[in-house]
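Dear colleague,

Please find the structure below, handed over for your records. My notes on the contacts between its parts follow.

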Amino acid sequence: MTDTHGHQHEGEHDHPQLGFWRKYVFSTDHKVIGIQYLITAMAMAVIGGTLSLLMRLQLGWPHGSFPFLAKLMPKAFDNLGHMDPGFYLSLVTMHGTIMVFFLFTAVLTGGFGNFLIPLQIGARDMAFPFLNALSYWVFLCSCVVIFSALLVEGGAPLGGWTAYAPLSALPLIDPHQGTGMTLWITAIALFTASGLMGGLNYITTILTMRTKGLSMMRLPLTQWSLLITAVLGLLAFPVLLAAAILLVFDRVGGTSFFIPGGIIMGGKLIEHTGGHPLLWQHLFWFFGHPEVYIVILPAMGIASDILSTFCRKPIFSYKMMVYAMAAISGLSFIVWGHHMFVSGMSPFLGSVFTITTLLIAVPSAVKTFNWLGTVWGARIQFTSAGLFSIGFISLFVSGGLSGIFLGTSAADIQLQDTYFVVAHFHLVMAIAPLFAAYAGLYYWFPKMFGRFMNETAGKIHFWASFVGVYCVFFPMHILGIGGQMRRIYDPLNYNFLQPQQILNEFISMSAFFLAAAQILFLVNFFVSIWSGKRVTENNPWKATTLEWETPCPTGHGNFGPELPVVHRWAFDYSPPDAKEDFLPQTAPAVPAARQH
Amino acid sequence: MSVLSQLRRRGSILPPPPTNYDGGSGGSGGSFPLSRAYIATWILLTAIIMLFAGLSSAYIVLRGLPQWQNITVPRIVWANTLVLFASSVALEFARHAVRRNQPALVRQWMAISGILGIGFLAGQVVAWRQLVAAGVYLATTIHSSFFYVLTGVHALHLLGGLVGLGVVLQKAFANKLTAENHEPLKVAALYWHFMDVVWIYCFLLLLLA
Amino acid sequence: MADGKGPGRITTSGLAFGALMAILIVVSLWLFMAKPWWFPTLASVHGAEIDAVFTAVLIVTGIAFVVTQAVLGYFVARYGASGNEKADYWHDNPKGEFFLLTGTALILVVLVFMGQRVWLKYYFSDLPKNAVTVQVTAQQFSWFMHYPGADGKFGRTDLTLVGTSSPANQVGLDDNDPASKDDVVIERDMHVPVNRPVVVRLRSKDVIHSFNLPYQRVKQDAVPGLSIEVPFTPNVAGTYEIACAELCGNNHYKMRGTITVEASEADFEAWLKTKLSERTGD
């Protein structure tokens, strides 16, 4: 029987004393790197979130005047305090870019991936610790570069995070598309390099460094999701890089990859000819669709594991969960055209992509059934982490179902480029992963810092956020049905949109409420690092996975002199034949029938 | 032992988890048929494949448009291709030599491979200059744009490979490569041959415009 | 630890979550059934089928939404931990999974067929013969509607002739072409007769825009370098708005136009005549 109430191991891996800088800043320890990613991503979240609040201010009160903001950002507002439309669009662009790449991909894959992979597979560190550290510092560089795009003279780019050509390929078409756009491309290229280094580490580590007894089908779902995501990133990001390379040449080299002949700029025909704007969209979305699964898959893995822990019940149908994730990721490469139904792409291709897109709904549905099956007959412990993992399910269902409308090409004609799309992708790609990330942060905080986050504040955070996200994003479906287009600075410019303006006001007010709840989380997080309740045992949540064999916080080298040996899968919660309501993965196998 | 015979014996390429951990030094620890460095190199190559897949799919799409205009690929590029192929062959001779414990030959063939690699890159630069002399620049036609971009991106990757070759050559001089363990050479050769294959692919694509 | 097979504990948190699910269901049912805000009123022939597809998907997803959120809320309310009971250990049900998987796939296949029928009909039908053809050119940040006039032939447009004065000049209309004599180019204001097919030939002068007629269920990106035909038949007279639905630059929000569906063919011809005389100065 394994001692799960372990005390601090003194058998920690012997290590020469490192100075402050090598230990906490330029560390090659995956745990430090993981925390660095998490905190950097949180900073990017604050920036990206602030941008969205400015957007909501404009959308809620399109003719509003904001003298206080005009004083802070004189170039973004006119002298009556009205926001500049170009500035509004650059907010849209940078909000999307920062959130998709520099928050979600970074926090889930970079933060949790780095922290958890060696711990959950029973290794002392990643396969290539130096490369790992390098990936963080390149990521940090990319954050600095993208932030600087907000500060340049012409302003940040205004073509959306999707940067469609030719708008993105013609630097002279608008000051925002000059230096700001160049910095955007540079940041994305750096981010891609960082991601590649990380993915290389993750795949090699998970494949080759699992501890004795840890077969692939005994891995926690978090690990499966991180492995599959790393493979997705490997296959998708380079295509974005290819598109970015061609875009750079169009912008500065005079080439015409994405620029057709016959474009009039400034009243004159420009010299480019021979390119095709849709080529950008195909390349971008070939990357872009797998990217959304790069965001949601680790979220699914983390939420599944945490759900199981706080339901005290094995995840329902673990094998199908793994197969479903693999199916989703494979299919993710053949659905990209559903972003292009009305783009001018061949309608025949449109039919093909409808079929593949609705196909990808099937494994997602399987996963949803399995989450419900996990809660059925559970014994739920309502910790903050547990609440967020439950909330994840509701949000994923809401967001996933609206995708069916958009995947059906005929219905998409009316909904494309409206707020229905905005509602869909926020729920499924931003909010559900956000809830999974919160679950992960509350859950692994003790392991990272040796303290608990404040549970009361955590619960307030959950309830306020859960109500808040539905208040913000559910009405957006209605806005989209009513026809409100995306990326519109002033919906009141259109008569047919005026009757539903009250929804915009409601959403904006809810957004401010939601933001306040996140501030509560940030305060809780940082204050708890220094003065949270101390953790006195290795495994406060009574969880099964290997990281809970280590002290809180885990020390350098992770495990004692002996690496753990695994005898069972990661989901032995409430096993009938044990005294406690869980058996950790290291608990020796029972000779009887139940083998996993 | 070759990967194929491992596959035949075990039925899978993934080994059972290791019994002895070597602390993440990146070597071929435990009972693995494949070293971490080798796996990592394949992962890197996968990413590079996707990069060139993206670029070449763009090429194929734009090739089909009516405004396409061909350029003549400079003849020296044929010679460059042969030089690159020869450098791969030389690297194979080096691998042969290391398996036979012939360190002098290893160093010799590696050096030849590197010199031929530099020769390829020099030849590519000559090709670019010939194009410029003929008035064919980056933006002249889409075909020329792709010529410069594809050869340029490939050359950058090959340059990286040359740096890697240099590092391995240095290890050879330090007598760090043995018949049993010459992982750095194996990995460098894998990357180098792969760049050769990518080049042939790009070259054919550009020729068959 | 008792090996309880008890019923689970109803907790405050569980009930609160269940209550929120109930509120979510009620509010969403109200929004989607009472429809306090809904689609712009339908004003085209093919639009009816598009709306029907939406409704079909709504029914399917609506049922799935209500059932799933309700089940989740119920389970969470019911199965709280009581401190001395274990949860159920079962975690597989291959038959149940297979049934749910194939059921979902079947429902989606049906939706695909329903949707594809409408999609293929819209895009692969022959263009109607008696259509009013209008060349619509999108630019930053306006729309130009070019009518061929009585001769039914569009005057030649040449991009090298494009200037910044009159609408005709802005689409590069070549006045030397005899077919241009009766052409009419108007900015932002499109008129068509009711109950007669319209074919828009959509093009762009600079970046990607999107020709969006919310009431007529029309949306098509205007891509520079392409000329795309967009057919529709307006069947309710009135004045409606045209919106740009693809981000095209800082004044994207100002790319508004109007489409007036005239109550009769005569009204439409009269309008065309007025516009022509405005252009030629008669």
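A salt bridge is counted here when a side-chain nitrogen of Lys or Arg lies within 4 Å of a carboxyl oxygen of Asp or Glu. C:Arg217 and C:Asp51 form such a pair through their side chains, with an N to O distance of 2.8 Å. Please note that the model is predicted.

Domains of chain C

The domain assignment divides chain C into domain 1 (12–124) and domain 2 (132–280). Taken over C-alpha atoms, the centres of domain 1 and domain 2 of chain C are 41 Å apart. In the contact between them, 13 residues of domain 1 of chain C meet 14 residues of domain 2 of chain C. The two domains of chain C bury about 1000 Å² between them, and carbon and sulfur atoms give 52% of that area. On the side of domain 1 of chain C, the residues that lose the most area to domain 2 are C:Pro40, C:Ala43 and C:Tyr122, which together account for 45% of what that side buries.

Helix H2 (45–78) and helix H3 (94–124) of chain C are the elements that give two or more residues to the side of domain 1 that touches domain 2. H2(C) provides the largest share of that side, five residues. By class, the side of domain 1 of chain C that touches domain 2 of chain C comprises eight nonpolar residues, four polar and one charged.

Chain A and chain C

Between these chains, 115 residues of chain A are in contact with 100 residues of chain C. The area that chain A and chain C bury between them is about 9200 Å², with 72% of it on carbon and sulfur atoms. Within chain A, the residues losing the most area to chain C are A:Arg379, A:Ile413 and A:Gln414, together 9% of what that side buries.

A:Arg379 also forms a salt bridge with C:Glu85, in which the closest N and O atoms are 2.8 Å apart. The rule finds one salt bridge across the interface of chain A and chain C, together with 31 residue pairs in polar contact (both at pLDDT 80 or more). Several helices of chain A each supply at least two residues of the side that touches chain C, among them helix H4 (85–121), helix H11 (384–407) and helix H15 (501–531). H10(A) gives the most to that side, with 17 residues. The side of chain A that touches chain C has 68 nonpolar, 34 polar and 13 charged residues.

Chain B and chain A

Here 33 residues of chain B are in contact with 40 residues of chain A. Chain B and chain A bury about 3000 Å² between them, 82% of it on carbon and sulfur atoms. The number of salt bridges between chain B and chain A is zero, and the rule likewise finds zero residue pairs in polar contact across this interface (both at pLDDT 80 or more). Helix H2 (36–63) and helix H5 (142–173) of chain B each supply at least two residues of the side of chain B that touches chain A. The largest share of that side, 16 residues, comes from H2(B). The residues on the side of chain B that touches chain A are 25 nonpolar, seven polar and one charged.

With kind regards

Note on methods:
Residues are numbered from 1 along each chain as its sequence is written. Chains are lettered from A and ligands numbered from 1 in the order in which they are written. This is a predicted model: local features need pLDDT of at least 70, side-chain atom pairs count only at pLDDT 80 or more; totals for chains, interfaces and linings use all residues. Side-chain values use heavy atoms; hydrogens and water are left out. Contact means heavy atoms within 4.5 Å. Buried area is the accessible area (1.4 Å probe) that two parts lose on being put together, summed over both. A polar contact is a pair of N or O atoms within 3.5 Å; within protein, one must be able to donate a hydrogen and the other to accept it, and residues adjacent in sequence count only if both atoms are side-chain atoms. Helices (H or I, at least four residues) and strands (E, at least two) are DSSP runs, numbered from the N terminus. Ala, Val, Leu, Ile, Met, Phe, Trp, Tyr, Cys and Pro count as nonpolar, Asp, Glu, Lys and Arg as charged, and the others, Gly among them, as polar. Domain bounds come from an automatic or database domain assignment.
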